[in-house]
Amino acid sequence: MSLPQKIGFIGTGAITDAMVRGLLSKPVAVPHVMVSQRSADISAKLAADFPQVIVSGDNQAIVDGCDTVVLAIRPQIAEEVIRPLRFRDGQKVISVVAATDRQALLDWIGKDVRLTQAIPLPFVARRKGVTAVYPSDTDTAAIFNVLGNAVECETKVEYDLLAAASALMATYFGIMQQTTVWLSENGLPEEKGRAYLAPLFAGLSEVALLADKNTDFTDLSREFATKGGLNEQVLQDFDGNGGSGALKQALSRVLQRITQ
């Protein structure tokens with residue numbers, strides 16, 4: 001298990017920005033980083049913030065100059081960007097391209113590379129991310145363990161399921177927003193609602209993180225839902241009005257999109 005000496009990023013969007021910032025936070029994890037000039041504002045800011053960053057207008061130069069290459073391209077343009085590039089047999093390639101078939105990536109690359117796929121989330125910028133990786137790969141896991149925690153998937157099914165679960169982020173904030181709106185409609189200023197809800201949810205997340213590994217979320221739900229109490233009432237209303245069913249249906253639909 002080792003970290004790369006030179007890591008390059010093809011595509012410079014939000015995830016590249018987050019990964020580079022995480023890798024180059026002190027203590028610096030990698031000595032050399034190359035990023036593509038695409039998204040000039042982001043690449044220029046990274047170069048200004050970190051002396052280890054080199055910006056290149058030539059994607060092939062990034063492939064040639066780095067032992068590990070991260071493909072961070074929008075899926076709509078991934079094929080046209082990847083196909084012209086000349087990779088090396090045995091080169092380490094990490095794809096963070098969303099909802100893109102592994103075999104398609106290998107066909108576009110056209111070489112016998114060491115390809116892994118990963119789902120880094122924005123929190124990697126603060127080294128607080130949890131990242132699904134497929135297939136298991138110690139070198140890729142080493143990168144994402146620096147950025148938080150890597151979850152190595154043994155099968156594509158596991159990886160796709162975690163990809164579906166990661167689609168809950170917007171819903172999480174949506175619940176907070178709808179609660180804030182409800183509080184405001186009933187007389188509490190929005191800024192007070194936000195000031196209350198953010199640490200409330202953060203505290204609950206901390207409880208889940210610190211819980212014993214044999215404790216499941218149902219146990220925690222019971223712990224926070226006193227018999228006949230207010231939390232139990234809301235949970236029962238949520239389930240009884242189709243909330244749980246709607247959540248599972250949404251996850252099944254996004255999983256179908258991922259697998260197709």
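1. Gly 110 sits in the loop that runs between helix H5 (102-109) and strand S6 (114-119). With a relative accessible area of 56%, Gly 110 is exposed, because the cut-off for exposed is over 50%. Gly 110 and Gln 37 are separated by 73 residues in sequence, and their C-alpha atoms are 24 Å apart in space. The model is predicted, and the points below should be read with that in mind.

2. On the overall layout: the protein has 12 helices and eight strands. The C-alpha trace spans about 65 × 40 × 35 Å along its principal axes. Of the 260 residues, 36% count as buried. Among contacts in the protein with a separation of 6 or more, 53% come from residues 24 or more positions apart.

3. Gln 91 belongs to another loop, between helix H4 (78-82) and strand S5 (92-95). Is Gln 91 buried or exposed? Its relative accessibility is 4%, so Gln 91 counts as buried, the cut-off being under 20%.

4. The side chain of Gln 91 has polar partners in the backbone. One of its polar atoms lies 2.9 Å from the backbone oxygen of Val 63. The side chain of Gln 91 also reaches the backbone oxygen of Cys 66, at 3.0 Å. Leaving out residues up to four places away in sequence, Gln 91 touches Val 63, Cys 66, Asp 67, Val 69, Val 113 and Arg 114.

5. Helix packing. Two packed helices are described by the angle between their axes and the distance between the axes. For helix H1 (residues 14-24) and helix H2 (residues 40-49), the angle is about 10 degrees and the axes are 10 Å apart. H1 and H2 are therefore roughly parallel to each other, since angles under 35 degrees are classed that way. H1 contributes Ala 14, Asp 17, Val 20 and Arg 21 to the contact, and H2 contributes Ile 42, Lys 45, Leu 46 and Asp 49. Sorted by class, the contact of H1 with H2 has four nonpolar and four charged residues, and no polar ones.

6. Aromatic pairs. How many aromatic pairs does a search of the whole structure find? The search finds three. In one of them, the ring centres of Tyr 134 and Tyr 159 are 6.0 Å apart with the planes at 35 degrees, so the pair is tilted. Tyr 134 is in strand S7 (residues 129-134) and Tyr 159 in helix H7 (residues 156-165), so the pair ties together parts 25 residues apart in sequence. Tyr 134, at 16% relative accessibility, counts as buried; Tyr 159 is buried too, with a relative accessible area of 6%.

7. Tyr 172 and Phe 201 form an edge-to-face aromatic pair, 5.5 Å centre to centre and with 90 degrees between the planes. Tyr 172 lies in helix H8 (residues 169-185) and Phe 201 in helix H9 (residues 190-210), so this pair ties together parts that are 29 residues apart in sequence. Tyr 172 counts as partly exposed at 33% relative accessibility, whereas Phe 201 is buried, with a relative accessible area of 19%. Together with Phe 173, Tyr 172 and Phe 201 form one aromatic cluster.

Note on methods
Residues numbered from 1 in each chain as written. Predicted model: local features only at pLDDT ≥ 70, side-chain atom pairs only at ≥ 80, totals over all residues. Heavy atoms only, no water. Axes fitted to C-alpha atoms, helices over the stretch in contact; angles between N-to-C directions. Helix = DSSP H or I, 4+ residues; strand = E, 2+ residues; numbered from the N terminus. Parallel < 35°, antiparallel > 145°, perpendicular 65-115°, else oblique. Contact = heavy atoms within 4.5 Å. Nonpolar A, V, L, I, M, F, W, Y, C, P; charged D, E, K, R; others polar. Buried < 20%, exposed > 50% of the residue type's maximum accessible area, 1.4 Å probe, protein only. Polar contact = N/O pair within 3.5 Å; in protein donor to acceptor, adjacent residues only side chain to side chain. Phe/Tyr/Trp six-rings, centres within 6.5 Å; stacked < 30°, edge-to-face > 60°.
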